[in-house]
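Me: I've got a chain here that I'd like to go through piece by piece. Could you take my questions one at a time and show how you get to each answer?

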Amino acid sequence: MARIFEHFVVCGIGPEIRTLDGDKGFHGTGVTYLPSLLDQYPPPNHSLYPPPPPQLPTCVLPAGVEFYSSGFDANDPLTSPRSYPIVLTEGDGSKIYVSCIAFRDPVSEDIAEAYRIPANSFAEKCICLISRLPSFHALRSALEELFALCFSANGSSKPLWDVIAHMVSNVPLPTPGRDRVLFAIENCLLSVEAPPKDGLPHADISFQPLVQCLDVDKLIELFTAVLLERRILLRSNKYSLLTLVSEAICHLIYPFRWQHVYIPLLFFSGVDYIDAPTPYMMGLHSGVDTSALTMDGVVVVDLEYNRITTSEEIPTIPEPELSSLRDEITKLLCPNVMGIDQMKGGPCNTSEQLSIRGNKPWGEDHDLQLRLIFLKFFASLLSGYRNFIENTANHVFNTQAFLKKRSRSTNQLPEPMITQFLDSHGFLDYLERGLGSGENQNNLLDKLQDAIGRGQNPISILPSSLVEPEIITISDPDVGLSGSGAKYTYDRFPSNVRTEEQEEKRRQMLAAASGAFEYSGKHIPSSPSMLAGKDSKAESLSPMERAAERERMVLDIKVKLQGLWLRLLKLGATDDPLSSFEYGTILALIESDAEGIGGSGFIECIREHIHSGWHCQLTQEQFIAVKELLKTAINRATSRNDLITIRDALEVSAEMHKKDANNVSDYIQRHLISLSIWEELRFWEGYFDYLMEHSSSNSANYASLVTAQLIAMASHMVGLGLPDDDAWYMLETIADKNSVGYKQFIKLRGFLSHTQQLRIAYWGITSTKSQSMSSLGLPSPRSKEATDENQPPAEASVVGRSWVQSMFSRDTASRTNSFSRVRKWASDAGNADPNENGTPRKQDLLAGGQKKIQTNVRILRGHSGAVTALHCVSRREVWDLVGDREDAGFFISGSTDCSVKIWDPSLRGSELRATLKGHTRTVRAISSDRGKVVSGSDDLSVLVWDKQTTQLLEELKGHDGQVSCVRMLSGERVLTAAHDGTVKMWDVRTDTCVATVGRCSSAVLCMEYDDSTGILAAAGRDAVANIWDIRAGRQMHKLLGHSKWIRSIRMVGDTLITGSDDWTARVWSVSRGTCEAVLACHAGPILCVEYSPLDRGIVTGSTDGLLRFWENEEGGIRCMKNVTIHTAAILSISAGEHWLGIGAADNSMSLFNRPQERLGGISSTTSKTAGWQLYRTPPRTVAVVRCVASDLERKRICSGGRNGLLRLWEATINI
């Protein structure tokens, strides 16, 4: 059940006290201290719910926490409790809505005693309700009732935390437009509902504060600044006002969305972020001093004084939209003024209508009218925009044509405001959301334009509200049943019941604080090491606090880099940037790789500056400094295999330039040729994948789209000065893998030759060669055998060479391949494109007696949503002893479209065997046996089908969370695991749960079961691997060691292998329950592990794209081999006796072979895992893969993509 309230949280002073500067201990009443998370429900060890955001305490108490000598005083308004909302934004852009009440509460006695705080002291405390639904009124009402109940003289009929637990656990999320949920807190009845999804977005706020703080012209000015994505800073001395105004202005720009940093209430210590050069919308208490900040270009909106100031002019909205918008808003706010000249009687009674509306207090009708006014403004401003949408490879909207059409209709030149708006991220995001999705079906802007064109009332576009919502009543059966009518009263906000572990940790922290206080009062440390140990800020920090502190440090480093960069560009003509403080500090941050964002943060800073409109021109001195900084950043990124930072550095280097005496631009990119990373094919393949993923069009001709991205890459290669031969080799290799036709080859080759000539005309021949990077494990773009001793000099290879000549400039094998392609094109004329699924035609076979191409890739279509589960029917699970089972080798897939499909690879062209429907949400897990298919889904159910008749046999219900694993067992049994932390055994014949055979403290993500021994192993989010003996009905071991989620598990005999998000894999003994080895060489979470029984080898795959082979040796396990052919996360590893199948998230696959004759020849001193040799990989296509399954018996690997397609690769093997 989805709940409206995610968490109830209490923040304030905890057992570890620190000042905002990080100093431990109590330093008096005039000092501000860091808030901590004190209590929460659900508790932190709850298995089904993620923890609250780590930055929550800092955000809900933005000014920090102070100590006071007195509590609430009715005569002093400064001591009154404050109620205010805040909004937090997560990394994916989703919002978290929090209602807060801050008040003074007595300091806990144990804390006061440990830190020697004066008796009867008070400190600020904040209680919070957290939700994903923007129901501000319901959140505030519920929280205020809980607060009033706590301090009520009458008390409550049950403990306060029991009231909180019932409310958080039982109040469901209302269905939009259908439900109204009623729930009670003691004797107070509350309600919550959500409007229909096809109307305006849910805005449970009043827009009155916005129009009361700002007059019409200031409101329009703020609206324009937000549309043009300026840096917006709201100031007020009321927290609520900052959040409500921020939310209101975001709703007024609908159907567009704010795409940048959004912090409606900024914590006081984060004031430095205001000087960030990127667009943002922040709110800051007016009591915070900003005089030390530059504030260049920041639009400061003072809500108390109806004032907007900025150093940069904000373009005005063009006519006639400006006058119309101003009149409509004024008519809504001041109807009596607008109708003052109207007659009170007579045929026109508009004046009476306006007077009636003017006397009506502000309400929901006014909010709706204001939102429609701004929506009508967009309908007028963008009139006819749909005629200029062009879903091509280069852009999605023809801006110039639209501006010309508007100029003709208004008889005005294109206005700066609308030109800037059409170039904004918000407008581009709106177009991309509408193209190729169902969102444009509910697009109110398009509906409004159509309604205005037909002369209809704008209100008609909104959904009708004639249907009364269904009432859902949530009651607490325990209210009034507390026995003798006992009442619970409190003199302070109570603490939740702590576990023994939490209580012990609290005692230890307070004891440490008390001991440190006494020691510091009696002794003076005699050595610097003792002082360092005493002042260590990292001591005793919880994981959540460490995460929050790291986030603050990262933000601080980014802000420092931005400030240093801007000051570096402002150095005078007489200053030497290389000897400046700014250059030295940036260089130190890059070289130390501070917080993992030294170099990447610097490059990101440059990108943001470019996007903000910087002209990118440098002086001679600045040019040298920036060039050296970029080189250092790229070298650091190369050493840690950070291809993303290298890619960003490449792009920004193509923008920054200087002018010589002849006014010719010289770009920084040209001076980076000495770096060896540019010769690595892997880098350019990754860059190509990035360009394809971020291309603005998904429906353009595929070959044209590939060519456009290759041309962009060619521009960078030429800008760097790569030799023509190397550049063309890498471009041709990538083009070959993506089945580019000969016309595109000609276009690409011509572009490369032309741009090479232009580069040489400007700067001459580049002679600098890069060094090898073999030590980093990156593949060289050309094999050693590819060197042609008769290759002409570099000058001849770059100047004036045509695409045909370049095809013959490499070794014999390459020339044969190219010559074969030329003959094919000549014979086939224009019909040489490969078929749809990428299978080579007969004409593609190489000449010169080479082997036939022995791979075949088929595209299986049928799903309408992303493929989320994939299973291969093995001979073992269908007992295929003599090879007569036709279903052995079937693939079974599940999808977000809620269906399960059975595929028969032996039926070419008609592989889809059956479609099984019954689930209502995404399918997550699939298994099968001789006669049945079983699947688990997010709808909490497990379904069992007959494999032959495809009829639904049973529906197994009993899990309270998403089903993550299913396993069909012998004897008509099914084993399932879910996010509720349970593993259940089912009897299909009786449709019943036989037993809950295992319980974990958190969601189960992976499971293994040995049917011959009855041993079950399961692991998941609690980072613990659990082993049970099902037949004995007992838990054998609880394997502790991982620090993060365990995502993969493999059990063979007495060996258990686990892979975790902590970047390690562990090898355990099932019988002893001990950790035998820790495999820690990956640079990312380990998603899959495999065990090879023949040589007792282990294979691990990670998000770092690396495949590692491990081998048992005397004294331990060590990595014998690394494979780097994949560039994305390894999703699947399947090992057989002589074959190994691999699938990765970038849609790449690989098949490894270990020939039989090599096994007998391996000596005791030779690595056994070295016998695995890459057999072949299929051509890779652009897709994002969610799951992979392998059929090693038939040499098939199948991947399921986010686009709903299955890609089946069948390797034909000659043994």
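Me: Let's start with a pair of strands: which residue in E36 stands opposite Thr1055?

Reply: Heads-up: this is a predicted model, where local features need pLDDT of at least 70 and side-chain atom pairs count only at pLDDT 80 or more, while totals for chains, interfaces and linings use all residues. Numbering starts from 1 along each chain as its sequence is written, and side-chain values use heavy atoms, without hydrogens and water. Strands (E, at least two residues) and helices (H or I, at least four) are DSSP runs numbered from the N terminus, and two strands pair if DSSP finds at least two bridges between them. E35 (residues 1055-1060) and E36 (residues 1065-1069) run antiparallel with five bridges, and the residue opposite Thr1055 is Ser1069.

Me: How many of the six residues of E31 are buried?

Reply: Buried means under 20% relative accessible area, exposed means over 50%, and partly exposed is in between (1.4 Å probe, protein chains only). Side chains in a regular strand alternate between the two faces of the sheet. In E31, Ile1015, Ala1017 and Ala1019 point one way, Leu1016, Ala1018 and Gly1020 point the other way, and all are buried. So for E31 (residues 1015-1020) the count by that cut-off is six.

Me: Which residue in the turn between E30 and E31 has a positive phi?

Reply: E30 (residues 1004-1010) and E31 are antiparallel partners over six bridges, with Asp1010 opposite Ile1015. They make a hairpin that leaves four residues between the strands. The one in that turn with a positive phi, about 80°, is Gly1014.

Me: And what is the phi of Ala1023, in the turn between E31 and E32?

Reply: E31 also runs antiparallel to E32 (residues 1025-1029), joined by five bridges, and Ala1019 is partnered there with Ala1025. This hairpin has four residues between its strands too. Ala1023 sits in the turn, and its positive phi is about 65°.

Me: Over to helices. How many of the 11 residues of H22 are buried?

Reply: H22 (residues 643-653) is mostly covered. Its buried residues, Ala649 and Leu650 among them, pack against H20 (598-611), H21 (620-639), E16 (665-667), H23 (681-693) and H24 (702-720), where contact means heavy atoms within 4.5 Å.

Me: What about H14: which helices are included in what covers its buried residues?

Reply: Seven of the 10 residues in H14 are buried, including Phe427, Tyr430 and Leu431. The cover over them includes H13 (416-422) and H15 (444-453).

Me: Is Ala512 buried or partly exposed?

Reply: Ala512 lies in H16 (residues 500-522). Because its relative accessibility is 48%, Ala512 counts as partly exposed.

Me: How many disulfides does a search of the whole structure find?

Reply: A disulfide would need a pair of cysteine sulfur atoms within 2.5 Å. As for individual cysteines, Cys150 is buried with a relative accessible area of 0%, and Cys213 is buried at 14%. The number of disulfides found is zero.

Me: Last one, for the whole chain: what percentage of its 1215 residues is buried?

Reply: The chain has 30 helices and 48 strands. Of its contacts with a separation of 6 or more, 61% are between residues 24 or more positions apart. The buried share is 52%.
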